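Work through the exercises below with the sequence and the structure side by side, and try each task before reading its solution.

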Amino acid sequence: MPDTAVADPPAPGESRSTGPTRRVVTEVPSVVDRRFNAITLGSGIAVLVLLVLVGIFLLIQSSEALSESGILRFLTRTEWRTDVQPPRIGVMGLLAGTVLVALVGIVVAVPLSIFTALAITEYSTARRRRWLIGVVDLLAAVPSLLFGLWGFLYLSDKIIPISTWLTQNLGFIPIFSTQENASLTGSIFIAGIVVGLMVLPIITSVTREVFSQTPPGEKEAALALGGTRWGMIRSVVLPYGRGGIIGGSMLGLGRALGETIAVALLLPQVPQRIGDSIHILQNGGATVSGFIANRAGADSFTVSGLMAAGLVLFIITLATNMVASVVVARSRSGVGVEL
Amino acid sequence: MSSEVLDPMTSAETSSDLSPVDPTPPVRSAPRRARRPREFTNFDVWVLVGSLVSALCLNWLIFYRLTVGASLFGFLLCSYLTFLVVFALVTADRVGRLVATDRVMTVVVVSAATAVFVPLVLLVGYILIEGIKALRPNFFISDQEGITPILPATSGGASHAIIGSIEQVGLALIWSLPLALAAAVFLNESRSRWRRPVRIFVDAMSGLPSIIAGLFIFATLILPFAKSGNPLFGYNGFMASLALAITMLPTITRTVDVVLRLVPDGLREASLALGASRARTVFSVVFPTARTGMTTAVVLGIARAVGETAPLLFTAFGYDLMNSNPFSGSQESLPLFVYRNIRKPDISAIQRGFSGALVLLLLVVGLFALARFLGRDRSKRVRSR
């Protein structure tokens with residue numbers, strides 16, 4: 001950054017006596033500059049304030065629901081019933097679904113992303129690299145709605161045989177079990193796979209960025225010692241990029257937690273009890289954002305409850321993203337990586 | 001350089017040439033043919049093809065002859081896993097474990113990268129095939145007036161949604177662009193100590209679930225004024241544009257930020273040294289230099305906003321008829337049109353939703369291609385996220 005202030009004060013008395021006076025460049029900015037600085041600073045602060053305002057207004061509007069049911073009760077209750085008096089609403093059932101969908105998504109996306117990032121940085125020629133990056137970027141550009149539409153009407157039917165197979169053969173593992181005669185459409189598993197495809201680009205681009213910053217000297221050293229390409233990747237690239245992989249996965253997790261429209265289409269959005277056991281392969285489940293989306297235009301108390309749920313989601317995604325940024329920035333590989 | 005490196009496993013016989021007993025001078029004349037660990041001979045191709053064929057055959061036998069109720073997807077998945085095992089065993093037998101691991105991982109990485117194409121191709125193909133069926137010119141001309149469930153999918157259109165989308169995204173651009181540009185300039189050209197927190201918040205904002213943006217506008221501008229009856233503070237396109245502006249803001253800010261960073265500091269210094277003010281430097285030197293990149297940023301912002309559905313649910317709300325006034329009354333937009341139609345029970349509505357989805361997909365992909373095209377020449381390093 002260039003600096004207007006040239007701190008070079010002439011020695012007192014010296015410049016006055018001899019020859020043309022030496023110009024002193026001062027720090028005092030012109031009127032235009034002062035206004036310019038004020039405007040840009042104002043915009044920067046405005047962005048900051050906007051995010052704080054989002055939290056504050058969600059809090060204000062959710063006060064009705066929160067005071068009615070109590071903050072702790074709201075956070076821990078699974079039910080969401082506004083038809084009884086007093087209404088019993090809680091965010092836990094939604095949160096459980098949100099986290100499960102995001103976890104399935106991450107499990108699907110992370111290995112695929114790491115391999116794709118490796119393919120881009122270590123296995124491709126320049127031409128193929130451009131192609132791959134283009135495809136990943138295009139995947140990022142496809143709106144959530146279209147993923148939801150595709151998953152809802154096309155992919156769901158293709159995944160159900162897998163769900164059937166998993167529950168029939170691996171049903172003894174608790175998470176793959178289903179209840180008798182349960183429908184396998186609209187399951188957390190299906191929603192998770194679609195969400196995984198949607199967060200794949202962001203994880204890929206962070207890990208790619210990190211891998212590409214591996215010091216070439218270390219890679220060459222590994223190869224010169226007789227390592228194969230995979231040996232080099234395992235001993236140099238992956239350890240170097242570990243922070244980026246973790247941070248990128250968390251960033252993907254943050255996106256997955258907030259996915260709205262696709263999940264609103266894919267899940268029935270009925271809050272689930274988590275007390276019994278988790279059936280990710282069968283119909284059921286709700287996520288915070290999808291639940292909110294499906295209840296646009298509801299009565300004022302419900303809306304207040306939705307605001308409270310939104311606030312919880314806001315805080316969780318914000319925390320996840322911030323931690324992800326810190327993890328990436330603190331890691332050896334993450335210095336200067338754009339998230 | 002790496003391709004010339006001796007591989008420890010394949011160079012087993014070469015090492016005897018290098019032993020001190022050998023009278024011939026070492027290193028230089030040792031391997032007559034350079035051994036390349038990544039070489040891929042015809043034989044390797046046959047091993048690959050053979051493994052694949054044997055895996056497919058074995059699985060075909062199991063899936064379609066010995067058992068019933070198989071799905072194509074499961075068959076392919078199992079075949080792939082079998083293929084990896086067969087390939088690993090054959091290669092390990094031929095060239096040793098170390099090289100076999102390397103080869104198998106190469107296959108895994110390449111197939112994972114190829115697998116990324118699959119959902120994209122399937123998605124685009126599916127929406128193309130389904131969307132083209134009922135897409136007629138009147139889709140762009142008429143709205144949903146007088147449409148009943150018994151009418152065919154080709155009747156009616158989404159002109160109201162297209163107008164709504166254009167107005168909402170256009171207004172959103174008007175609100176967000178100045179703020180985004182100023183914020184990006186602030187992040188790059190100022191020396192304020194607020195830069196760090198602002199950058200962190202912009203990053204955090206880009207991870208904000210878009211439905212929160214809609215909920216926020218709903219909470220601040222629509223709910224408190226609900227009783228006033230003022231149409232400006234009800235469900236309308238203006239509110240939608242505000243919500244979209246919030247989702248666009250971080251996208252544009254961050255892309256412009258990256259672009260401004262690419263402007264050489266020498267240009268700035270030259271301008272300042274000539275006596276130009278900072279404001280003059282930004283407007284006359286930095287912005288013109290980064291112009292193409294900034295256009296890319298704007299196009300990417302539009303591409304992101306035009307496909308957003310979630311923020312509109314609580315703001316524009318959706319409407320079946322033409323409402324070209326964004327400041328009064330609920331309004332449709334293209335994503336809302338798709339979302340609302342595919343949730344209806346009748347088939348022709350779903351079909352109309354697919355037509356809308358196709359138009360939306362083409363629009364987004366077109367904008368994306370435009371962004372790549374614009375970003376190509378000068379600021380090659382602009383990443384689109």
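**Exercise 1.** In which crossing, left-handed or right-handed, does α3(B) pass α4(B)?

*Solution.* This is a predicted model, in which local features need pLDDT of at least 70, side-chain atom pairs count only at pLDDT 80 or more, and totals for chains, interfaces and linings use all residues. Residues are numbered from 1 along each chain as its sequence is written, while chains are lettered from A and ligands numbered from 1 in the order in which they are written.

Begin with helix α3 (residues 72-95) and helix α4 (residues 97-133) of chain B, whose axes lie 7 Å apart at an angle of about 150°; helices here are DSSP runs of H or I with at least four residues, numbered from the N terminus. That angle makes α3(B) roughly antiparallel to α4(B), the term for angles over 145 degrees. The crossing itself is right-handed, meaning that the near helix is turned clockwise from the far one by less than a right angle.

**Exercise 2.** Describe the contact of α3(B) with α4(B) by class.

*Solution.* Residues including Leu84(B) and Phe87(B) in α3(B) meet a set in α4(B) that includes Arg97(B) and Val99(B), contact requiring C-beta atoms, placed from the backbone, within 7 Å.

**Exercise 3.** How many residues does the contact take from chain A and from chain B?

*Solution.* Chain A contributes 82 residues and chain B 87 residues. On the side of chain A that touches chain B, helix α2 (residues 31-69) of chain A gives the most, with 18 residues.

Technical notes
Axes fitted to C-alpha atoms, helices over the stretch in contact; angles between N-to-C directions. Helix = DSSP H or I, 4+ residues; strand = E, 2+ residues; numbered from the N terminus. Parallel < 35°, antiparallel > 145°, perpendicular 65-115°, else oblique. Contact = placed C-beta atoms within 7 Å. Nonpolar A, V, L, I, M, F, W, Y, C, P; charged D, E, K, R; others polar.
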